[in-house]
Amino acid sequence: MHRPINSFADKGGMLRRALSEIYENSRDYFVVRQGERVRACAALHISWSDLAEIKSVAVAEDSQQQGIGAQLVEVCLKEAKELGIATVFCLTYQPAFFEKFGLSQVDKMELPRKVWTECYRCPKFPDCDEVALIRNLEV
Ligand SMILES: CC(C)(COP(=O)(O)OP(=O)(O)OC[C@H]1O[C@@H](n2cnc3c(N)ncnc32)[C@H](O)[C@@H]1OP(=O)(O)O)[C@@H](O)C(=O)NCCC(=O)NCCS
């Protein structure tokens, strides 16, 4: 997961994740593998009883446009519903991709304050240039 995420991060496409952060949150991740190779990953991170974030959606370049990213987002949404979490959000540079899954753009300031705890560690804080999207789930 570290490799695909940070290769896109190096190109400015998403935020870097430290190896320690990936290990600490490894239970959050869904992974698509081919043998030992990770082709794609995505994480559902629980922020609060009624709030979770879809994060680190990364599909290796040679595996894109095959429906893998869509499967990963769908499985994150499914898990959020199963856990009874009413709202999911994401912060991304690819809002049009997430809009395909019913997430809608919102002003970042509308996100619950709990979301910002992680942002303090981001090198871009407080000048976040990602787009916030949110979806309420029927749970
Ligand atoms: C964005 C990304 C996750 C898409 O993954 P993917 O596996 O190529 O996407 P899929 O093949 O599942 O595409 C599903 C649908 O989304 C569309 N789509 C794919 N990438 C898109 C994008 N960047 N913007 C808008 N739509 C996109 C596809 O055309 C497809 O549409 P369709 O259902 O109408 O045919 C992938 O390109 C990626 O990893 N990019 C680099 C990292 C990144 O930007 N992650 C974003 C979140 S942090």
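This report describes salt bridges and aromatic pairs in a predicted model.

Residues are numbered from 1 along each chain as its sequence is written, and side-chain values use heavy atoms, with hydrogens and water left out. Because the model is predicted, local features need pLDDT of at least 70 and side-chain atom pairs count only at pLDDT 80 or more, while totals for chains, interfaces and linings use all residues.

**Salt bridges**

Side chains of opposite charge can pair when their charged atoms come close. The structure holds six salt bridges, a salt bridge being a side-chain nitrogen of Lys or Arg within 4 Å of a carboxyl oxygen of Asp or Glu. One of them joins Lys11 to Glu61, with the closest N and O atoms 2.8 Å apart. This pair links distant parts of the chain, 50 residues apart, since Lys11 lies in the loop between α1 (2–10) and α2 (19–24) and Glu61 in the loop between β3 (51–59) and α3 (68–82); helices (H or I, at least four residues) and strands (E, at least two) are DSSP runs, numbered from the N terminus.

Another salt bridge connects Asp62 with Arg37, again with the closest N and O atoms 2.8 Å apart. Here too distant parts of the chain are linked, with Asp62 in the loop between β3 and α3 and Arg37 in strand β2 (residues 37–48), 25 residues apart. A further salt bridge, between Glu82 and Lys78, has an N to O distance of 3.0 Å, and both of its residues lie in helix α3, four residues apart, about one turn of the helix.

The table gives the accessibility of residues from these pairs, where buried means under 20% relative accessible area, exposed over 50% and partly exposed in between (1.4 Å probe, protein chains only).

| Residue | Relative accessible area | Class |
|---|---|---|
| Lys11 | 58% | exposed |
| Glu61 | 53% | exposed |
| Asp62 | 53% | exposed |
| Arg37 | 35% | partly exposed |
| Glu82 | 56% | exposed |

**Aromatic pairs**

A search of the whole structure finds two aromatic pairs; rings of Phe, Tyr and Trp (its six-membered ring) pair if their centres lie within 6.5 Å, and planes under 30 degrees apart count as stacked, over 60 as edge-to-face and the rest as tilted. Phe97 and Phe98 form an edge-to-face pair, 5.2 Å centre to centre with 80° between the planes. Phe97 and Phe101 are also paired edge-to-face, at 5.1 Å centre to centre and 70° between the planes. Phe97, Phe98 and Phe101 form one aromatic cluster, in which Phe97 is partly exposed at 28%, whereas Phe98 is buried at 5% and Phe101 is buried at 8%.
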